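Here's a quick briefing to get you oriented. Take a look at the structure below, then read on.

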Amino acid sequence: MYKMRTMLFCPANKPKMYLNAPVFQPDCILFDLEDAVAMTEKDAGRDLLCKAVETLDFGECMVFARVNGTGTPFFEDDVRAIVPSGIRYMRLAMCDCPDDVVVLDQLLSEVEKQHGIEEGTVKIQCSIETAKGVLNARDTVKASDRVISLSFGAEDYTNSMGTVRTREGNELSYARTYLPVVAAEAGITAVDTVWSNYKDEDGFAEEVKWAKTLGFTGKSCIHPAQIKIAHKLLSPSEEEIEHAQRIVDAEREAAAAGIGVFTVDNKMVDYPIINKARRILIQAGRLEK
Amino acid sequence: MIGEAGYEQSQDCKVTVKLKKRGKTKIVLNSKMEKMFGDQIKQKAQEELDLLGVKYADVTIDDFSALDFVIQARIRTAVRRARRAEEDV
C-alpha cells in the first residue's frame, strides 16, 4: 500500500504553490485542476501544471493531479495533456460509479500507448464525493487495476445529502465508516476529507484521530500547518513501535524454540496480534514488506 | 489576434501575444529582474514560441519574478488563446 498520510491541495494555476508545497514535505501534493481553477482558466492551469512537472524535482512527494470529472468538457483535455508531461497519479473527481473509472482507464491506456508509456503506469485515486458515489464505492474501486486509493470529499457529499458540514461531523458518519472498509477489502489506501477551518488546529487533530480510528490512513490537507500534525498522528508512536518490536522479537524466539503460543507484557500473542505488530513496523520503516 | 494569460502577482507574469501574418517576432520584457535575467527570460520565451511554431508575433511579458517554467506556460496559454480567437473570427 502507498504511503499517503497527507495530500496537500494546491490550485494548479498558482505558480507559487509549485515552489512552496514541496518545502513542507507532504507525502503527496495534489494539484487541483477542478474546483480550485475557474472555468475560464482551465487551459492555463493545465499548461502550468505540465510545465512544472516537466521542469521541477518534487523529490519523494507523489505528485497527483485532480482532473475534472468525466462528465465535464475538460476531462479529456486534462488527461491528454498531463500524462505526457509526467503526471503518474490522478485523483478522479466525482467518482460516482464504476463507469467513471472505466472511462478514465480506457483513455489512459490510449494516451499511454500513444506516448510509448507502459500500459498501467498511471494510477488512479477515486474521489468519492456523493451519496451515489459512496453506495457504489465497493464496485467503483474494483473497476480498474490502476486504482490504488480512494479519497472522501465531504463538501460535495453533504451537498448531495441535502445537509451541512458541522465541526462534529456526525453527518459524515455513514460514509466515513463505510469507505475505509471498502478500501481495506480492496487493499488500497483511504484518504479522509479536508478540514476547512485551517486555523482550528485542535479540531483538525481530533478529526485526524477519529479518521485513523475508523481506518483512514491519510488526510487531505488545505494548509501546510496541517501536515506536521497529520504526519504525527497518522504515524505509529514510539511506544507503539517498541511494543510491536517486542512482539516480533518474541515471535522469532518462540519459533526458534518450537513454541506456538507465547506472551508479551502478560498478554497472549496470536497471529492477528503478530500481523498488527508487523504492519506497525512496516509503517514505521523498521520491517521490510 | 491577441491572447493573454497569467496574472500580475508575485512569481507569476502576464503575457500578451499578438499573432501577425508577417514581419518579425518582437519580445518586450517588463521586469525588475531584466538587468540580471533579461536575456535568459527572452531566450526561454523564444524557445517556447519556436516550439509552438510561432513565427511572427508581438509578445509582451510583464514579469513579477516568475521562473522560466511559468513564463513558458503562460506563453503557451496565450498563444493558444490567440489562435482560438483567430479561428473564431
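Two residues count as in contact if their C-beta atoms, placed from the backbone, lie within 7 Å. On that basis, 12 residues of chain B are in contact with 9 residues of chain A.

What you see is a predicted model, where local features need pLDDT of at least 70 and side-chain atom pairs count only at pLDDT 80 or more, while totals for chains, interfaces and linings use all residues. Residues are numbered from 1 along each chain as its sequence is written, chains are lettered from A and ligands numbered from 1 in the order in which they are written.

**Where the chains meet**
- Helix 2 of chain B gives the most to the side of chain B that touches chain A, with 7 residues. Helices (H or I, at least four residues) and strands (E, at least two) are DSSP runs, numbered from the N terminus.
- That side of chain B has 5 nonpolar, 4 polar and 3 charged residues. Here Ala, Val, Leu, Ile, Met, Phe, Trp, Tyr, Cys and Pro count as nonpolar, Asp, Glu, Lys and Arg as charged, and the others, Gly among them, as polar.

**Chain A**
- Chain A splits into domain 1 (6-234) and domain 2 (238-283), with bounds from an automatic or database domain assignment.
- The C-alpha centres of these two domains of chain A lie 35 Å apart.
- Chain A also has a closed barrel of 8 strands, running 1-2-3-4-5-6-7-8 with parallel pairing. Two strands pair if DSSP finds at least two bridges between them.
- Strand 7 (residues 189-192) and strand 8 (residues 218-221) of chain A pair in the parallel sense over 2 bridges.
- In strand 8 of chain A, K219(A) is the residue that D192(A) stands opposite.

**The sheet of chain B**
- Chain B has an open sheet of 4 strands in the order 1-2-4-3, with mixed pairing.
- At its edges are strand 1 (2-5) and strand 3 (26-30) of chain B, each pairing on one side only.
- Strand 2 (residues 13-19) and strand 4 (residues 57-63) of chain B run antiparallel and are joined by 7 bridges.
- K18(B) stands opposite D58(B) in strand 4 of chain B.

**Two helices of chain B**
- The contact between helix 1 (residues 34-51) and helix 2 (residues 68-88) of chain B includes I41(B) and L49(B) from helix 1 and I71(B) and I75(B) from helix 2.
- The residues of this contact divide into 5 nonpolar, 1 polar and 4 charged.

Technical notes. Axes are lines fitted to C-alpha atoms, for helices over the stretch in contact, and angles run from 0 to 180 degrees between N-to-C directions.
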